[in-house]
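Look at the rings first, then at the overall build.

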Amino acid sequence: MKLAGYEDLRVQKTIKGIYQAFESLIVEKDYQHITVTELARRAEINKKTFYRYYPTLDDLLAELQARYSEDYLKLIGDFEYPRDLEKSLRAFFEYSDKMGPAYDKISTNQVYSGIRQQMIDKVMLSTWHNSPEFKKLTDFEREVLLKYIENTGMQIYQQWVANDKTEPIEHVIEMTCKLVRSGTDAILYGDK
């Protein structure tokens, strides 16, 4: 249940408790092993209360992912592409680094690949659709460019998480920006 801010304080507390319990369970175990019973117990609510707000755990997961992508899009909403590509990559790494272990697990674990892809697709289309350079590309070139940016940034982030984020974030961001910028410029501008 997406909170608008004017709900009863008990509703806000309940939803917050559900989110916190869900995120802690995501960190502890694979998604397919999380049950509504366990989540309700951890959130200190009964199952009926959970179902009042969410038909299924999948709906809760989708809402959590939507919240992540919406918060990130607020950070980069005024960016222009390809000009602000590096700023966008920096924002992605800094935002992701602050989100915590549940976000990291969703971002790196194959179990969440379907829902993660929906979030990525939303971000990529929201950011590049106004770019004049992007609009000049063929459909195939646009698809390749978006997949290249997505996969390069995500693979580097996943590797960084797998290495327990021991590499300084600045170095990771600089390396990602160099790789993504060189490939993006090659597709957008060719040999110019």
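Tyrosine 95 is buried, at 6% relative accessibility. Tyrosine 103 is buried too, with a relative accessible area of 2%. The model is predicted. In it, the rings of tyrosine 95 and tyrosine 103 form an edge-to-face pair, because their planes stand at 90°. Their centres are 5.9 Å apart.

Ring pairs join Tyr95 and Tyr103 with Tyr68, Tyr72, Phe92, Phe93, Tyr157 and Trp160 in a cluster. The structure has 14 aromatic pairs. One of them is formed by phenylalanine 50 and tyrosine 54. That pair is tilted. Phenylalanine 50 is buried, at 0% relative accessible area. Tyrosine 54 is buried as well, at 1%.

The two pairs are set out here.

| Pair | Centre to centre | Angle between planes | Type |
|---|---|---|---|
| Phenylalanine 50 and tyrosine 54 | 5.6 Å | 35° | tilted |
| Tyrosine 95 and tyrosine 103 | 5.9 Å | 90° | edge-to-face |

Now the overall build. The protein has ten helices and zero strands. Its C-alpha atoms fill a box of roughly 65 × 35 × 25 Å along the principal axes. Of its 192 residues, 46% count as buried. Among contacts with a separation of 6 or more, 65% link residues 24 or more positions apart.

The accessible surface is about 10,900 Å². Carbon and sulfur atoms hold 53% of that surface. There are 27 positive and 31 negative side chains, and the centres of the two sets lie 6 Å apart.

How confident is the prediction, and where is confidence lowest? The mean pLDDT is 88, and 93% of the residues score at least 70. Confidence is lowest in helix 7 (residues 113-128), with a mean of 74. Helix 2 (residues 36-43) has the highest, at 97.

Methods. Residues numbered from 1 in each chain as written. Predicted model: local features only at pLDDT ≥ 70, side-chain atom pairs only at ≥ 80, totals over all residues. Heavy atoms only, no water. Helix = DSSP H or I, 4+ residues; strand = E, 2+ residues; numbered from the N terminus. Buried < 20%, exposed > 50% of the residue type's maximum accessible area, 1.4 Å probe, protein only. Contact = heavy atoms within 4.5 Å. Areas by Shrake-Rupley, 256 points an atom, 1.4 Å probe, with all protein chains shown as cover. Lys, Arg positive; Asp, Glu negative; His and termini not counted. Charge placed at Lys NZ, Arg CZ, Asp CG, Glu CD. pLDDT = per-residue confidence, 0-100. Phe/Tyr/Trp six-rings, centres within 6.5 Å; stacked < 30°, edge-to-face > 60°.
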